[in-house]
Amino acid sequence: MPASIIDGRKISAAVREQISKDTADFVAATGVTPHLAAVLVGDDPASQVYVRNKERACEKCGLKSTLHRLPSETTQQQLAELVQQLNADESVHGILVQLPLPEHLDATQILDAIIPAKDVDGFHPENVGLMSQGRPRFLPCTPHGVMKMLEHEGIKTSGRHAVVIGRSDIVGKPMAALLVQKGADATVTICHSRTSDISAIARQADILVAAVGIPEFVKGDMIKPGAVVIDVGINRVDDKLVGDVDYSAACEVASAITPVPGGVGPMTIAMLLQNTLHAAKHQASAL
Ligand SMILES: Nc1nc(=O)c2c([nH]1)NC[C@@H]1CN(c3ccc(C(=O)N[C@@H](CCC(=O)O)C(=O)O)cc3)C=[N+]21
């Protein structure tokens, strides 16, 4: 039987529906509109698309978004100054600096400069620490979106072997942290470029998460029959979007799979909106 397709667009729409209601309630109660400030440096075409998608999603859910476009020659200090200005701006609840930044800029220093209370990406070390201790403030959007999808599909994680391929700070590491935490209770293995025999480990997975950034890295023979496959990859190949999983081969082996596009991507955006609303609620109650 071919795999069932986990429809990220549909699940994301359901999540956004709830966010719209919660946002409307919050606005009615406080008179404050949750506000996301996005910062885009340079003219990377993929980043332009993502940022536009985020703005559109904010608008549809009743959140305010402001895009700050800076030229690719922007200096570290100019970017840091903008972040400071957004930190201090009480009308801004969430700050997102779109990655990747141009080579000459130090992304770590910029992300560390965002005050943790506005860090809706969940990348600040304070928020990473809180997540890893199981007392999250902002969860990183992509791994959180994956957990939401699993929950929505009734896919249990407890006691199951989850294998995460990829160890990035943005996806792989936090994904593993969420899967292993109390409540999710998976047994987690992280694979990376130095792992020997990735195929053998991947084949043990009940839940296989591919976050390597290599088009179609995961072949059919790396998947245990009946496994759930989550494809976090967004690779542009000949103007087409391709995941990290050989989708048609995987469909023959897996019990359920997320497509690309239409899988994890839309969930990432929904979680960003949720974090922005959450940020606004916290900042309003702190006044
Ligand atoms: N500070 C920061 N935070 C991020 O969350 C962040 C980032 N930088 N830099 C880039 C990555 C990538 N990312 C995506 C979000 C949504 C889709 C998405 O909605 N994808 C659609 C297709 C979009 C298309 O057609 O290109 C889909 O998969 O169906 C994709 C990718 C967020 N990122």
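The shell around the ligand draws on two parts of the chain, with at least three residues from each of domain 1 (31-115) and domain 2 (141-265); these domain bounds come from an automatic or database domain assignment. The model is predicted, so local features need pLDDT of at least 70 and side-chain atom pairs count only at pLDDT 80 or more, while totals for chains, interfaces and linings use all residues. Residues are numbered from 1 along each chain as its sequence is written.

In total, 18 residues surround the ligand, the closest being L99, P261, G262, G265 and T268; a residue is near a molecule if its C-beta atom, placed from the backbone, lies within 6 Å of it. By type, the shell divides into twelve nonpolar, five polar and one charged, where Ala, Val, Leu, Ile, Met, Phe, Trp, Tyr, Cys and Pro count as nonpolar, Asp, Glu, Lys and Arg as charged, and the others, Gly among them, as polar. At least two shell residues come from each of α2 (45-61), β4 and α10 (264-285), and α10 gives the largest share, four residues. Helices (H or I, at least four residues) and strands (E, at least two) are DSSP runs, numbered from the N terminus.

Strand β4 (residues 94-97) is covered on both faces, with G94 and L96 buried on one side and I95 and V97 buried on the other; buried means that 20 or more other C-beta atoms lie within 10 Å of the residue's own, with C-beta atoms placed from the backbone. Strand β2 (residues 35-41) runs parallel to β4 and is joined to it by four bridges, pairing being assigned if DSSP finds at least two bridges between two strands. Within this pair, A38 stands opposite L96.

Note on methods: Buried ≥ 20, exposed ≤ 12 C-beta atoms within 10 Å, placed from the backbone.
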